[in-house]
Every structure is written in structure tokens, then in C-alpha cells.
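Grab a pencil and keep the 3D view open. Let's work through a few exercises together.

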Amino acid sequence: EREMLQLELNRRQAARQTIDILNFKNEHGNLDDYMFELEEQRATLDRILPTQLYQGEFINWLQTTALANGIRLLSLTPGAIERDDRLPIVRLPLRVRVECTYFKLLNLLKALEDSERLIKIENFTAKALGDGERLDCELELVLFAVAEEEEADAEIFDGGGIARTSTDGDR
């Protein structure tokens with residue numbers, strides 16, 4: 001009798017697994033299409049919150065955006081990399097100073113907002129210059145990256161000339 005109960009239990013588990021598989025197949029249709037969709041979602045997430053800071057690419061993008069909008073980029077100063085003990089996230093503060101008109105500043109802010117990358121504007125100040133049309137603005141931006149490995153030697157920076165970490169000295 002015990003063997004019969006075990007066989008019945010195994011049969012029910014197999015039936016549940018079969019139903020789960022069929023439900024998954026019905027929900028996702030073609031498995032290749034589903035895998036492609038998952039890869040697209042992963043790529044989008046990597047662009048929003050990459051595993052490296054890619055600060056060199058961001059600085060190039062910011063310079064190009066400023067130039068395209070007639071904005072004078074006065075300075076760009078990176079801060080110290082910050083790690084969050086609760087989350088596997090690193091933050092790179094950047095202090096950006098620009099000179100531009102009000103409407104060109106709006107274009108820059110819109111470009112930051114529209115960027116695929118997660119960029120936080122942590123602080124913002126603007127002062128009118130002598131001519132009354134141009135502004136001297138300072139933005140405190142923060143770039144984020146996921147620190148996938150918890151090793152002290154994990155490189156999360158792209159070597160864009162600003163920051164790099166390593167515990168074994170120069171490589």
C-alpha cells in the first residue's frame with residue numbers, strides 16, 4: 001500500500017509539472033522568441049544600469065550633447081566613487097559647470113532625462129550672468145553601475161582616464 005501511495009504521489013507531481021510546462025509553453029509560445037525577448041530586456045537593463053561606470057563614454061556623450069546644443073562646458077569634476085553597503089551599486093558623482101541660455105539648459109536637462117542611462121541630478125544651481133541672457137549653471141550628477149562581484153579587485157570602471165580600482169597594484 002505504501003508503494004501505491006508513493007506511485008500516486010509521483011504521478012500527481014509529474015502531472016503538475018506537465019501542466020506547468022504546458023502553461024509556460026502556452027504563455028510564451030515559441031521558446032526562441034521568448035529567449036530573444038529576455039535577451040532584449042537584459043540588454044535594456046544593461047544600458048540603464050551597466051556593470052561598469054563607462055564614465056569615459058558618458059563624458060564624451062555630455063561633451064557632444066553640450067556642443068550640439070550650443071552649451072559651453074566650463075568644467076567637469078568627478079568625485080570619489082561611493083559604494084552602497086546594502087546594495088551592489090556604485091555611484092560616481094560628477095560636478096558639471098556649464099554656461100548657456102535658459103532654453104539651451106532645458107535642452108541639456110531633457111537630454112539627460114531622455115538618456116537610456118540612469119543619471120541622477122542630485123543638485124542644481126544657476127546664476128544669471130551680466131548680460132542677463134546667459135546662465136552659469138552647476139549640476140551635480142551621479143552615474144550608477146552594478147557591482148556584480150563583491151571582490152575588492154573587481155574592475156567596475158572603464159579606464160576612461162578618471163578612475164580605476166585594483167588591490168594588486170598596477171596591471
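This is a predicted model: local features need pLDDT of at least 70, side-chain atom pairs count only at pLDDT 80 or more; totals for chains, interfaces and linings use all residues.

**Exercise 1.** Find out where Arg 117 sits and what its side chain has around it.

*Solution.* 
1. Start with the location: Arg 117 belongs to the loop that runs between helix H4 (102-114) and strand S4 (119-128).
2. Now look for a charged partner. Arg 117 is buried, and Glu 57 is the nearest side chain of opposite charge, 6.4 Å away. A salt bridge needs a distance within 4 Å, so Arg 117 has none.
3. Finally, check the contacts. Leaving out residues up to four places away in sequence, Arg 117 touches several residues, among them Leu 53, Tyr 54, Phe 58 and Leu 143.

**Exercise 2.** Pick out the residues that touch the most other members of the largest nonpolar core.

*Solution.* 
1. This core has 22 residues.
2. The ones you want are Phe 58, Leu 94, Val 98, Leu 112, Leu 141 and Leu 143.
3. Next, the elements: helix H3 (55-68), strand S3 (89-101), H4 and strand S5 (134-146) each give two or more residues to this core.
4. Zoom in on Val 98: its contacts beyond four places in sequence include Ile 71, Leu 108 and Leu 139.

**Exercise 3.** Classify the ring pair of Tyr 102 and Phe 103.

*Solution.* 
1. You need the distance of the centres and the angle of the planes.
2. The structure has two aromatic pairs. For Tyr 102 and Phe 103, the centres are 5.2 Å apart and the planes are at 80 degrees.
3. Angles over 60 degrees count as edge-to-face, so this pair is edge-to-face.
4. Tyr 102 is partly exposed at 47% relative accessible area, while Phe 103 is exposed at 61%.

Methods
Residues are numbered from 1 along each chain as its sequence is written. Side-chain values use heavy atoms; hydrogens and water are left out. Helices (H or I, at least four residues) and strands (E, at least two) are DSSP runs, numbered from the N terminus. Buried means under 20% relative accessible area, exposed over 50%, partly exposed in between (1.4 Å probe, protein chains only). Lys and Arg count as positive and Asp and Glu as negative; His and the chain ends are not counted. Contact means heavy atoms within 4.5 Å. A nonpolar core is a set of buried Ala, Val, Leu, Ile, Met, Phe, Trp, Tyr and Cys residues joined through side-chain atoms within 4.5 Å. Rings of Phe, Tyr and Trp (its six-membered ring) pair if their centres lie within 6.5 Å; planes under 30 degrees apart count as stacked, over 60 as edge-to-face and the rest as tilted.
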